[in-house]
Structure formats: C-alpha cells, structure tokens
Amino acid sequence: MTHSRPAPRPEIGQPILELSTPLPLIDETKLAFNIARVQSYMDQHGLAFRPHIKTHKIPAVATQQVAAGARGINCQKITEAEVFADAGFEDLLITFNILGAEKHSRLVALNTRISGLKVVADSDTTVRGLSCAFSQSRPLTVLVECDTGGGRCGVQTPEAAIALAETIAAAPGLSFGGILTYPKANTEEDVEAFFAAVIAGLSARGIPCPIVSNGGTPSLFSAHKVPSATEHRAGTYVYNDRAMARAGHCNLDDCAMHVLATVVSRPSLDRAILDAGSKALTSDLLGFSDYGMIVEYPDAVITGLSEEHGTVDLSKVTGRRPEIGDKVRLIPNHTCVVSNLFNLMTFHRNGIVTRVEEVAGRGLVW
C-alpha cells in the first residue's frame with residue numbers, strides 16, 4: 001500500500017532560492033503596497049471597498065484588506081463564503097446566481113450564523129428559488145445583477161432591473177439590497193447611465209436602493225467616474241499579474257505573485273524546459289501569445305505548457321542563458337487561477353520566507 005506524502009513545507013527564515021519548485025511566492029512588501037494603494041484611492045473618493053477574495057482565497061490576506069479599511073468581502077461561491085465565515089467575516093457578498101435545493105440549504109445555514117450575507121439574482125427563477133428557501137424571520141438580502149456591457153450575467157435593461165427589484169421586495173423571505181454590475185472595462189459613462197436610470201425608477205416607486213455596487217480591477221482607478229456607485233469590488237489588484245500590467249493598472253514591479261520554477265532541461269541552445277507546467281502556471285492566455293514572463297530573462301518566451309513542463313524559447317535572449325538547475329521567477333498571465341492550483345502560499349520579504357498560509361478556499365467551486 002502506498003501513501004502520498006505532501007511536498008516539503010517552507011520554513012520561516014528560509015531563503016526562497018532554497019525551496020523546492022514549482023512554488024508560488026508572494027512578496028510581502030508588494031502585497032502591502034497594493035492593498036494600501038487601492039484603499040487610499042477608495043477612501044479619497046468616498047467609496048466603500050469590497051475586495052474579491054477569489055484572487056487569494058486566504059483569510060489572513062482578507063484580514064489585511066479589512067484592517068486597511070475594506071468594508072466587507074466579495075466571494076464567488078457558497079463554499080468560499082463558508083470558509084471566510086468560519087474565519088470570522090460577517091459582511092459577505094456572493095456574486096453568483098444560486099440555484100438548487102442543496103445550495104439553498106447551505107445558504108440558509110450560512111445566513112443563520114452571520115449578520116451580513118448578501119447574494120445576487122438576475123431572473124425571476126433565481127428569486128423564486130431563494131424565496132421558497134428563506135423565512136420571514138431571517139430574510140436574505142438580494143441584489144439585482146445588471147449587465148451594463150460586460151456581456152456576462154445580469155438583467156439587460158434598467159427597466160428589467162427595476163421590475164426584478166420589485167419582485168425581490170415583494171418576495172417572502174427576501175429583502176431587496178440594491179444593484180450590482182461587473183462591467184466591461186473603461187465604460188464608466190455607460191455604467192453610470194444604467195445605474196442612474198435604475199435608481200430613479202426605484203425612487204419613483206418608493207423602493208430604497210442602499211447598495212450600488214460596481215466592480216473590476218482593470219478600470220479600478222476610474223471608479224470615481226461612476227458617482228452613483230456606493231462601493232467598488234476588485235480582486236486581482238491584491239497580487240496583480242501580467243494582464244493587469246498590460247492594461248496599465250500597475251507596473252510589472254507591482255506584481256506580488258511569482259511562481260518559482262527550476263530549469264530541468266536544456267535540450268538545445270534555444271530551448272529550456274521548466275518544471276512549471278499547466279499544473280503550476282495557468283494556461284490562460286488573456287490575449288497574450290505566451291504563458292507568462294520570466295523575471296530574470298524577460299526576452300525569453302514561454303511558448304507552451306504541458307501538465308508538468310514549461311517550454312521556453314531562448315532565441316531572443318542575449319548574453320547568459322539559464323542553465324540546468326537554475327531557479328527563475330515567473331509572472332503569471334492570470335494570478336487568480338494560480339492560487340487555485342496550490343494548497344499553500346509562501347510569503348517572503350527580500351527573499352526570506354516570512355510565513356506560509358493555507359489557500360483555504362482552494363477548489364471550492366460551488
């Protein structure tokens with residue numbers, strides 16, 4: 001009989017270049033800078049800030065965000081929210097349509113033990129299911145999700161948002177909490193026009209709209225251009241990644257996450273193989289033609305990923321090229337996915353391990 005053994009756990013005080021790879025790393029200094037930078041902007045513009053924990057899935061990091069001034073957190077699924085409720089968080093918004101008796105049962109239990117649970121809905125079907133599950137003695141707060149141009153979930157017009165808000169307000173066991181959108185980046189005028197129309201329509205019907213929630217990291221620093229919004233949600237900003245740097249949201253030096261990898265083969269002059277494949281480095285391209293950037297060799301190109309191997313084209317690298325056994329740091333295209341690939345996250349300052357945190361929300365997909 002065989003037993004699986006976990007990988008060695010990094011120890012506090014250990015140099016990161018001594019660690020076994022592949023391994024995700026978080027730079028404490030850059031993490032703190034990213035949290036402070038965004039919170040300062042939100043405070044300056046009088047916006048409540050609700051970080052999305054999907055990027056890190058770690059209660060200790062959410063605690064840092066709340067300590068800096070965030071007013072609650074955003075989860076994507078019930079099971080994620082349960083993890084953060086267990087860690088003591090009360091103000092939780094789940095931004096996903098929740099359907100089905102099993103999920104409703106878990107949602108009722110969660111609503112019983114925390115004071116600030118909120119969910120979203122964009123259809124009568126979703127609202128009816130929630131209403132049947134909840135009681136008047138402990139109603140659930142529901143926001144109407146609006147599609148203001150992002151092309152994902154959400155009602156399609158202000159009129160539809162108003163109608164669904166009326167349905168929620170009249171539904172037994174539910175309380176109307178406001179409106180929400182995940183917009184297309186850099187469409188603040190469209191978002192504001194949509195929000196303003198809904199708010200005016202609700203006001204005319206005597207329906208309060210306490211929360212007006214906007215979202216997204218890519219246009220985060222334009223959040224003040226949506227004056228109707230009361231709060232903003234963002235997740236990726238806390239670590240940042242290559243896609244966020246390309247969008248102008250940050251510099252590559254602001255990327256707090258790196259994936260530490262080892263060169264395990266040099267089959268030819270122009271090719272290197274890393275021990276970081278799709279199980280360690282997301283295969284998301286997000287418009288790039290390659291799979292991340294090597295910090296020490298920015299002209300190298302990660303051309304392909306199999307499960308355990310990353311293939312690197314070195315043909316454009318001048319001067320020294322990586323040798324077998326060398327360790328390199330990779331900036332992923334999409335940091336949020338990397339968090340879901342590992343059980344532990346290793347934090348460091350100036351290359352020395354400071355702490356190791358469990359990725360507590362990993363793999364919780366419903």
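Modeller: This is a predicted model. Start at strand β7, residues 174-181, and strand β8, residues 211-215. They pair in the parallel sense, over 3 bridges. In general, strands of a sheet pair through backbone hydrogen bonds, either parallel or antiparallel.

Next, look at helix α7, residues 188-204. Helix α7 packs on the sheet and touches β6, β7 and β8. Its direction makes about 155° with that of β7.

Now widen the view. The open sheet has 8 strands, and the pairing is parallel. Their order is β2-β9-β8-β7-β6-β5-β4-β3. So where does the sheet end? The edge strands are β2 (48-51) and β3 (73-75). Each of these pairs on one side only. Neighbouring strands are turned by 30° against each other on average, direction ignored.

Helix α4, residues 101-113, lies across β4 (91-94), β5 (116-121) and β6 (140-146). Helix α4 runs at about 145° to β5.

Follow the chain out of α4. Ile 114 sits in the loop between α4 and β5. Is Ile 114 buried or exposed? Its relative accessibility is 3%, so Ile 114 counts as buried. The cut-off for buried is under 20%. Leaving out residues up to four places away in sequence, Ile 114 touches Ala 85, Phe 89, Glu 90, Leu 92 and Arg 138. Take Phe 89 from that list. Phe 89 is 25 residues from Ile 114 along the chain, yet their C-alpha atoms are separated by 7.9 Å.

Helix α3 covers residues 78-86 and is mostly covered: 8 of its 9 residues are buried. Ala 85 is one of the buried residues, and so are Glu 80 and Glu 82. The buried residues of α3 pack against α2 (59-68), β3, β4 and α4. Just after α3, Gly 88 takes a positive phi of about 105°.

Helix α5, residues 124-133, gives a contrast. Ala 133 is found in this helix. At 28% relative accessibility, Ala 133 counts as partly exposed. Ala 133 touches His 104 and Val 108, not counting residues up to four places away in sequence. Ala 133 and Ile 302 are 169 residues apart in sequence and 49 Å apart in space, C-alpha to C-alpha.

Step back to the whole protein. The domain assignment gives domain 1 (16-25 + 249-358) and domain 2 (45-239). Their C-alpha centres lie 34 Å apart. The contact takes 14 residues from domain 1 and 15 residues from domain 2.

Last, a record. UniProt, in an unreviewed entry, lists residues 256-349 as "domain: D-serine dehydratase-like". Over residues 256-349 the chain is 5% helix and 40% strand. The end C-alpha atoms of this stretch are 11 Å apart.

Methods: Residues are numbered from 1 along each chain as its sequence is written. This is a predicted model: local features need pLDDT of at least 70, side-chain atom pairs count only at pLDDT 80 or more; totals for chains, interfaces and linings use all residues. Side-chain values use heavy atoms; hydrogens and water are left out. Two strands pair if DSSP finds at least two bridges between them. Helices (H or I, at least four residues) and strands (E, at least two) are DSSP runs, numbered from the N terminus. Axes are lines fitted to C-alpha atoms, for helices over the stretch in contact, and angles run from 0 to 180 degrees between N-to-C directions. Contact means heavy atoms within 4.5 Å. UniProt positions are given in the numbering used here, feature names are shortened, and annotations may be inferred rather than shown by experiment. Buried means under 20% relative accessible area, exposed over 50%, partly exposed in between (1.4 Å probe, protein chains only). Domain bounds come from an automatic or database domain assignment.
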